[in-house]
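Thanks for coming. I have one structure today, and I will go through it piece by piece. Please look at it first.

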Amino acid sequence: MYRINGNIAKILTNIITIVNFRLHLLELSVTINKDSYERGKMSRIVIDENKCKACYLCIKECPKNLIQISSKTNSLGNHVVEFNDPEGKCLGCAMCAKRCPDMAITEVYRG
Ligand code: SF4
Ligand code: SF4
């Protein structure tokens, strides 16, 4: 059996609380935007370029490869990402938005 030192246990508890709070905020943000249904229209996302830190996690997350690195830079000098879906393949799954650590994908419309 392992015995966890009291201070380490406190630190771990604080970390878990912070992570849970952040996940809650993310979920709240995405849930609100998931309500933005556009029946009969193509699914799509909206990216706030000025929040994008260019980590490119959303690119790896998208099952349809619809997010790409843009040639544009934002006010932070980052090469932001852009949504490119000429064939209407977006599922509106919000996986990109949930993965974004900076909440830069602000809206997910599911058609
Ligand atoms: S996950 Fe968010 S911050 Fe990272 S590249 Fe995508 S939109 Fe930008
Ligand atoms: S909502 Fe889903 S399918 Fe559409 S861009 Fe995001 S991850 Fe890709």
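In which loop does Met103 lie? Met103 sits in the loop between α3 and β4. Helices (H or I, at least four residues) and strands (E, at least two) are DSSP runs, numbered from the N terminus.

Some housekeeping. This is a predicted model, where local features need pLDDT of at least 70 and side-chain atom pairs count only at pLDDT 80 or more, while totals for chains, interfaces and linings use all residues. Residues are numbered from 1 along each chain as its sequence is written, and chains are lettered from A and ligands numbered from 1 in the order in which they are written.

Back to Met103. Its phi is near 55°, a positive value in a residue other than glycine. Met103 is partly exposed because it has 15 C-beta neighbours inside 10 Å; buried takes 20 or more other C-beta atoms within 10 Å, exposed 12 or fewer, and partly exposed is in between, with C-beta atoms placed from the backbone.

Tyr56 also has a positive phi, about 65°, and is not a glycine. Tyr56 is in the loop between β1 and α2 (57–61).

Overall, the protein has three helices and four strands, in the order α-β-α-β-β-α-β from the N terminus.

Last, ligand 2. There are 16 residues around ligand 2, and Cys62, Cys90, Leu91, Cys93 and Cys96 come nearest; near means a C-beta atom, placed from the backbone, within 6 Å. Leaving aside neighbours within four places in sequence, Cys96 is in contact (C-beta atoms, placed from the backbone, within 7 Å) with residues including Ile45, Cys58 and Cys62.

Definitions and conventions. Contact = placed C-beta atoms within 7 Å.
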